[in-house]
Amino acid sequence: MTATANPTYIGERVARKEDPRLITGEGTFTDDVVLQGMAYLTLVRSPHAHARIRRIDTAAAKKEPGVVAVLTGKDLEATGMLPVFITVPSMSGSKHMPIATDKARYAGDAVAAVVADSRDAAKRAADLIAVDYEPLPVVVDASKALEPGAPIVHEELGSNLMFTYPVKGGDIDKAFKDAEVKVSQRIVNQRLIPNAMEPRAVTAKFEAGELTLWSTTQIPHFVQLIVALNLGLGQNKVRVIAPEVGGGFGSKLQVYAEELLVGHLARTLRRPVKWTEERREGYLATIHGRDHVSDVELAAKKDGTILGLRVRTVANVGAYLQAFAPGIPTILHVFIVPGPYRIPAFDYEMRGAYTNTTPVDAYRGAGRPEAALLTERIMDRLADEIGMDPAELRRKNFIPADAFPFNTISGLTYDSGDYAPALDRALAMADYKGFEKRRAEAKARGNYRGIGISSYVEICGLAPSKANAALGVGWGGYESARIRVHATGAVQVFTGTSPHGQSHETSWAQIAADALGISPNDIEVRHGDTSESPGMGVGTFGSRSLAVGGIAVHKAAEKVREKVVQIGAHLLEASPADVVVEGGKVFVKGVPEKAKNFGDISMAAYLANNLPEGMEPGLEATVYYDPPNFTFPFGTHIAEVEIDGETGAVQIVRYSACDDCGRQINPMIVEGQLHGGITQGIGQALYEAAVYDNDGQLLSGSMMEYHVPSAEDVPAFELDSTVTLTNTNPLGVKGIGEAGTIGSTPAAANAVIDALSPLGIKHIDMPLTSEKIWRAIRAAGEGRR
Amino acid sequence: MITHPFTYQAPSTIEEAVRELGRNGEAKVIAGGHSLLPLMKLGLAQPEALIDLRRIASLREIRTEDDGTIAVGALTTHRDIAADPTVRAKLPALAEAAGAVGDLQVRARGTIGGSLAHADPAADEPAPTLAYGATIRAIGPKGRRDIKVGDYFKGTFETALAENEIIAEIRFPAAAARTGSAYAKFAHPASGFAITGVAAVVTLTSEGIVERAAIGVTGAAAAAYRATAAEKALAGTNGNAKAIAAAAAKAADGITALSDLAASSDYRKHLVTVFAKRAIERALSRAKA
């Protein structure tokens with residue numbers, strides 16, 4: 001652990017540098033990019049979940065005024081297939097063209113494209129395209145998709161089984177044989193719709209042999225790479241810009257059909273092209289998240305000691321394999337299922353299945369919320385079974401603080417952790433001891449009150465490149481940074497990360513400021529443009545940016561600092577060991593009155609006529625940082641709910657959380673990430689569900705049916721933190737982007753079940769809507785009569 | 001987005017608006033636009049002409065007439081209704097219903113006339129309009145017509161308005177002494193529409209006996225309705241908890257309840273009884289105050 005010697009800005013609540021332009025509407029988003037002579041792309045999407053495309057009649061559409069081009073899949077095969085970045089053993093990969101050529105495999109699958117002078121003309125022409133469909137039998141449910149005789153989504157694969165992914169450790173048979181108590185539960189982790197505030201959009205122009213493409217993406221460098229490879233352009237001739245991006249949550253962690261199509265069309269039509277998603281279109285055509293059905297069994301002793309955990313899950317991956325889809329239910333899920341507990345035996349078999357539904361990929365937490373839910377629900381089932389306090393059961397099974405680094409039964413090495421203090425602080429904030437009185441008071445009001453605990457560990461810092469390779473991830477897990485100090489002392493940080501709400505412009509400036517001894521206000525952080533990036537950036541997802549990209553910034557800043565020290569020592573005629581860089585000044589220790597300004601040093605670097613012997617002119621550094629391990633943040637969340645006894649409606653009345661993400665660069669940003677994440681996780685627990693009918697039609701097809709919670713739905717959060725540094729990186733940082741979502745869903749679900757436990761209710765699947773709860777209460781009442 | 005072209009006019013009198021409606025083929029009146037514009041964006045409504053009523057200032061007044069009738073102009077926004085001191089004092093169920101519509105942006109633009117003309121089965125304001133026994137005053141090619149609210153709601157998106165008739169105002173009669181009223185709503189978590197909304201208006205005798213009860217229910221059935229069985233059950237009682245529960249239990253009698261992702265029909269019927277109870281309780285306590 002070699003943190004920055006005297007942190008000044010790291011750990012401070014520095015105001016977000018991003019806010020002034022976003023609040024005043026000065027930010028430029030992809031749809032704001034308007035180019036001379038621009039044409040508009042609209043896609044015709046299949047209304048059928050599964051149908052052979054017999055014939056497409058485009059004649060009437062082509063006659064519509066303003067239409068530039070009407071194209072079907074066969075016209076667009078030059079764009080190549082959509083990429084998949086992860087291969088897991090036994091994986092059966094689907095062919096995935098931007099426009100379906102043979103059949104539509106989900107409602108929303110694109111079957112034709114229209115380009116016109118205006119959006120209106122494109123939409124009118126799209127309505128005139130007549131597609132002759134032959135509807136085919138539909139399969140929506142993943143388990144049914146794996147049964148013999150199920151409709152096959154990709155005939156050439158022979159079955160709907162995408163992969164079988166087994167992970168085992170210890171002697172699971174012995175664990176269940178020795179068990180004094182066994183609990184089992186089927187747990188559904190329902191499908192969700194990501195709902196980034198900004199829908200997707202792509203704009204592109206092709207000029208002088210160079211394609212410039214603006215996209216709402218979390219991974220501009222991957223978009224650049226795939227667009228170049230698929231369209232046969234030099235990577236140097238493709239510039240991808242992710243301007244302001246209004247949220248992603250994994251839904252913009254793809255190379256989508258529209259990116260390939262808009263790039264291809266701008267090039268072939270020789271005019272700029274734009275595509276902007278409509279919200280309802282996004283519900284169908286942007287990836288979904290989660291969708292697991294798990295059978296969970298826990299073996300334990302009567303005193304609560306866990307002996308073994310067995311899980312069988314089917315994950316619904318939708319109609320096609322997306323970029324990271326094979327890794328979400330496997331690498332990012334199965335390994336972390338043991339969570340914060342010492343579990344001697346573990347046996348997990350995950351199967352992925354194709355269905356006639358929108359493809360499923362990463363959604364905030366991506367595999368880890370699914371893990372925390374099944375572990376934390378089954379822990380509560382065990383606590384209930386043996387009559388033990390859920391907090392005590394967790395404490396008893398926690399990996400002890402002195403056991404780190406800890407090799408888990410699933411094969412991970414947890415870097416650092418101290419789980420009990422986070423639990424204790426959360427319990428104190430939640431007034432856990434006083435809860436039963438509040439339960440009794442609620443009962444007197446005719447309501448049910450419950451409290452739910454969720455202790456989690458998650459995986460961040462994706463990822464050591466060698467670990468990536470071993471796991472089947474087809475690319476390194478490093479991140480890049482370049483720091484350029486101009487002659488005047490103006491500082492620019494270029495990062496390979498691509499923030500879309502994560503405040504990197506502020507945090508990265510704080511990190512560089514401490515190394516360079518200047519103010520974050522004097523540092524500009526630039527991102528999201530491949531033409532000025534430090535090189536290959538991997539991007540922003542999986543709470544990786546700080547623990548990988550932030551470290552790259554730190555290391556680049558340290559390199560620049562080293563050169564500043566060398567030049568300063570030369571100009572001050574002192575030993576480098578005696579030079580201090582602080583407060584925008586460079587001076588010899590003890591002689592601050594004889595300081596050089598930071599700008600004097602940078603000017604000297606570019607005047608280049610008085611530098612130490614053999615030193616190159618200029619003042620900049622580029623770093624690619626490949627982490628040695630993942631990082632493992634943790635924490636405990638506690639939700640308290642009150643259920644209206646007459647309607648079943650749930651109100652979250654209190655919420656306390658203690659999270660440990662290692663060193664915090666900016667606690668205000670940490671809290672902001674938690675506020676959003678917790679609200680999003682509560683959304684899954686109480687409200688959200690993508691619901692299909694048996695014909696594969698999305699019933700929850702708009703925000704009129706699908707409730708994304710807002711501040712109105714949640715109480716003021718009480719947050720605290722512990723700081724357990726990691727020795728994986730020099731700043732001791734771990735990551736916080738997804739923790740809120742991972743911790744909150746099981747806490748809220750456990751609280752609802754706890755509220756209903758006096759009625760003998762053991763489990764209800766999410767979302768815990770008022771009607772489901774009312775039915776459970778009514779059924780429990782009838783059972784007792 | 002709206003892909004179909006349409007013409008736009010903004011007349012300054014209601015009579016002119018009626019004439020323009022008649023002159024254009026597929027014409028639609030627009031007020032706040034919160035029902036019509038979404039339908040146009042989805043292509044479910046494709047009018048050739050929009051007649052905008054917002055320049056007709058007289059339609060935005062809330063007026064108390066000599067006999068105590070409160071006339072609410074059709075173009076009054078939900079927000080203005082919810083904030084109006086007269087409405088809050090004399091028609092609290094209407095103020096509460098208007099304040100419970102959608103969200104702040106919707107309340108700031110949406111109008112009571114638009115809501116009643118559109119007749120969405122889950123709109124809030126039909127419930128108090130029914131319970132207060134209001135009259136819908138419409139202007140059409142043949143002049144002025146007063147429609148009793150009991151004759152007004154015909155079904156989902158169906159009303160008694162004739163072709164080219166425009167609502168001018170909604171007229172709420174003066175309440176008798178010792179009258180209390182309230183609106184209780186169970187909102188759809190996503191849309192904010194009423195899964196169930198119940199407006200109760202209760203008048204007591206000087207001895208504290210329920211002389212008259214009127215209960216309007218929205219969100220539960222194809223159209224807003226009066227829960228007459230519940231009204232009869234409550235009338236003549238002393239309004240104690242038992243009487244309220246017995247009356248509320250009848251608030252969904254005889255209806256065919258709607259069913260959707262958020263609430264099945266039997267859950268909806270249950271919610272009607274719960275929110276009828278809550279509305280009656282509050283109305284009674286106000287009547288006693």
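## Helices α9 and α18 of chain A

In this predicted model, helix α9 (residues 368-386) of chain A packs with helix α18 (residues 739-756) of chain A; their axes come within 8 Å and cross at roughly 30°. Because angles under 35 degrees count as roughly parallel, α9(A) is described as roughly parallel to α18(A). The crossing of α9(A) and α18(A) is right-handed.

On the α9(A) side, the contact is formed by A:Arg368, A:Pro369, A:Ala372, A:Leu373, A:Glu376, A:Arg377 and A:Asp380. The residues contributed by α18(A) are A:Thr741, A:Ile742, A:Gly743, A:Thr745, A:Pro746, A:Ala749, A:Asn750 and A:Ile753. Sorted by class, the contact of α9(A) with α18(A) comprises 7 nonpolar, 4 polar and 4 charged residues.

## Helices α14 and α15 of chain A

Another helix pair in chain A consists of α14 (residues 504-516) and α15 (residues 545-572), which pack at an angle of about 35° with their axes 8 Å apart. The crossing in which α14(A) passes α15(A) is right-handed.

From α14(A), the residues that meet α15(A) are A:His504, A:Ser507, A:Trp508, A:Ile511, A:Ala512, A:Ala515 and A:Leu516. Their counterparts in α15(A) are A:Ser545, A:Leu546, A:Gly550, A:Val553, A:His554, A:Ala557, A:Glu558, A:Val560 and A:Arg561. This contact of α14(A) with α15(A) has 9 nonpolar, 5 polar and 2 charged residues.

## Domains of chain A

The domain assignment divides chain A into domain 1 (19-26 + 478-625), domain 2 (33-136 + 197-247 + 252-285) and domain 3 (289-404 + 417-462 + 629-784). The centres of domain 1 and domain 3 of chain A, taken over C-alpha atoms, are separated by 40 Å.

Contact between these two domains of chain A involves 16 residues of domain 1 and 18 residues of domain 3. On the domain 1 side, the elements giving two or more residues are α14 and α15 of chain A. The largest share of that side, 6 residues, is supplied by α15(A). By class, the side of domain 1 of chain A that touches domain 3 of chain A has 6 nonpolar, 9 polar and 1 charged residues.

## Domains and sheet of chain B

Chain B is divided into domain 1 (7-52), domain 2 (59-172) and domain 3 (179-288). For domain 1 and domain 3 of chain B, the C-alpha centres lie 35 Å apart.

Chain B also contains an open sheet of 5 strands, arranged in the order β4-β5-β10-β6-β7 with antiparallel pairing. Its edge strands are β4 (62-64) and β7 (143-148) of chain B, each of which pairs on one side only. From one strand to the next, the twist averages 25°. Within chain B, strand β6 (residues 135-140) and strand β10 (residues 166-172) run antiparallel and are joined by 5 bridges. B:Ile139 stands opposite B:Ile166, a residue of β10(B).

## Contact between chains A and B

The contact between the two chains takes 12 residues from chain B and 17 residues from chain A. On the side of chain B that touches chain A, the largest share, 3 residues, comes from helix α11 (residues 265-288) of chain B. The residues on this side of chain B divide into 9 nonpolar, 3 polar and no charged.

Key
Residues are numbered from 1 along each chain as its sequence is written. Chains are lettered from A and ligands numbered from 1 in the order in which they are written. This is a predicted model: local features need pLDDT of at least 70, side-chain atom pairs count only at pLDDT 80 or more; totals for chains, interfaces and linings use all residues. Two strands pair if DSSP finds at least two bridges between them. Helices (H or I, at least four residues) and strands (E, at least two) are DSSP runs, numbered from the N terminus. Axes are lines fitted to C-alpha atoms, for helices over the stretch in contact, and angles run from 0 to 180 degrees between N-to-C directions. A crossing is left-handed if the near helix is turned anticlockwise from the far one by less than a right angle, and right-handed if clockwise. Two residues are in contact if their C-beta atoms, placed from the backbone, lie within 7 Å. Ala, Val, Leu, Ile, Met, Phe, Trp, Tyr, Cys and Pro count as nonpolar, Asp, Glu, Lys and Arg as charged, and the others, Gly among them, as polar. Domain bounds come from an automatic or database domain assignment. Angles under 35 degrees count as roughly parallel, over 145 as roughly antiparallel, 65 to 115 as roughly perpendicular and the rest as oblique.
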